[in-house]
Amino acid sequence: MSEGISCMWMRGGTSKGAFFLAQDLPADPVARDALLLRIMGSPDPRQIDGIGGADPLTSKIAIVQKSTRQGIDVDYLFLQVFVEQAIVTDAQPCGNILAAVGPFAIERGLVEVTGDETRVTILMENTGEVATATVLTRGSKPIYVGIASISGVPGTAAPVPLAFRDIAGSSCGALLPTGAAVDMIDGVAVTLIDNGMPVVVLAASDVDISGEETPEELDANEVLKARLEKIRLKAGPLMKLGDVAKKSVPKMTLVAPSREGYTLTTRTFIPHRCHATIGVFGAVSVASAALLPGSPANRVAVIPDGATKTIKVGHPQGETSIVLETEAGNVRSSAILRTARKLFDGRVY
């Protein structure tokens, strides 16, 4: 540690995190997590003695290595470092940080450039699922400058399309871990769903809000947060996640009709702070929930026709569009457009 550890700080989608090669970190998870807590500056609300940004969206870790599996380029482990608690968890994937894994792998020489576009096939170790990132490249390096834009990130950058297949039940074992599109918890209708991210979806109106409040307003609503946490703790075992009191999943997403022309609008707790936008896999799960007849999301959503459906998931800073390929009403694949940028490359102490 006295000589530092090679680290690249990157923005992936609407998140930021520290990217490491697996070989540069301790193999023992206990020693590794202790080191990462120190690097990020946790537990401390300001993370003043580390590089974390005092927010769950900027206190993230990606650990990447060249894969030995056939058909896979790199293995990617995502770790969420809690800001105010000494917790490092691998209980969830992160689709935003995933957007920067392909460029990072190319930067570190784990994947060879194949032309103007380089496809990077990524195993998400958290869930065992596979994603393919398409990275614009020139020479031997990724291109970060471009004209693509995503809600929650100012300006434009090079597009990084992400394609997923067979991610249903990645953490819970099934798309609907209870087998039902609607369950009742504390008198509130909920959809317990996992299409890449375990999410509890419920109507904002059922917990006495409009669903158009700002994240700051919702974070200040202690009555609402206590009610949501009570539901979340009961949902955990039903979703086969066990005791979730110290886990970052399931997320809690409140849905409402959209006034901006989106499919529906959302406010998501991750799990105790209201998200400024919505996570990639969280958006995929909510979009999938919107296709379930009678579900809270379906009741408020305006669903497009056709087998290929673009579900525009509204959030406090705009919308995240999820493209779902369906067959006989079932989701077969999903895709999303993200962007990424290298922020600095050096050594962390």
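**Pockets of the predicted model**

The second largest pocket holds about 280 Å³ of space. The model is predicted, so local features need pLDDT of at least 70, side-chain atom pairs count only at pLDDT 80 or more, and totals for chains, interfaces and linings use all residues. Residues are numbered from 1 along each chain as its sequence is written, and side-chain values use heavy atoms, without hydrogens and water. A pocket is an open set of points on a 1 Å grid over the protein atoms alone where a 1.4 Å probe fits, with protein on both sides within 12 Å along at least five of seven lines. Volume is the space filled by probe spheres set on the points, which are joined across faces, edges and corners.

This second largest pocket has 16 lining residues (an atom within 4 Å of a point). Nearest its centre lie A168, L175, N330, V331 and R332. Strand 17 (330–348) and strand 9 (159–165) each give at least two lining residues (strands are DSSP runs of E, at least two residues; helices are runs of H or I, at least four; both are numbered from the N terminus). Strand 17 gives the largest share, 5 residues. The lining comprises 7 nonpolar, 6 polar and 3 charged residues (nonpolar: Ala, Val, Leu, Ile, Met, Phe, Trp, Tyr, Cys and Pro; charged: Asp, Glu, Lys and Arg; polar: the others, Gly among them).

The largest pocket contains about 520 Å³ of space. Its lining has 32 residues, with P56, K251, I270, P271 and H272 closest to the centre. Helix 5 supplies the largest share, 4 residues. By class, 15 lining residues are nonpolar, 13 polar and 4 charged.
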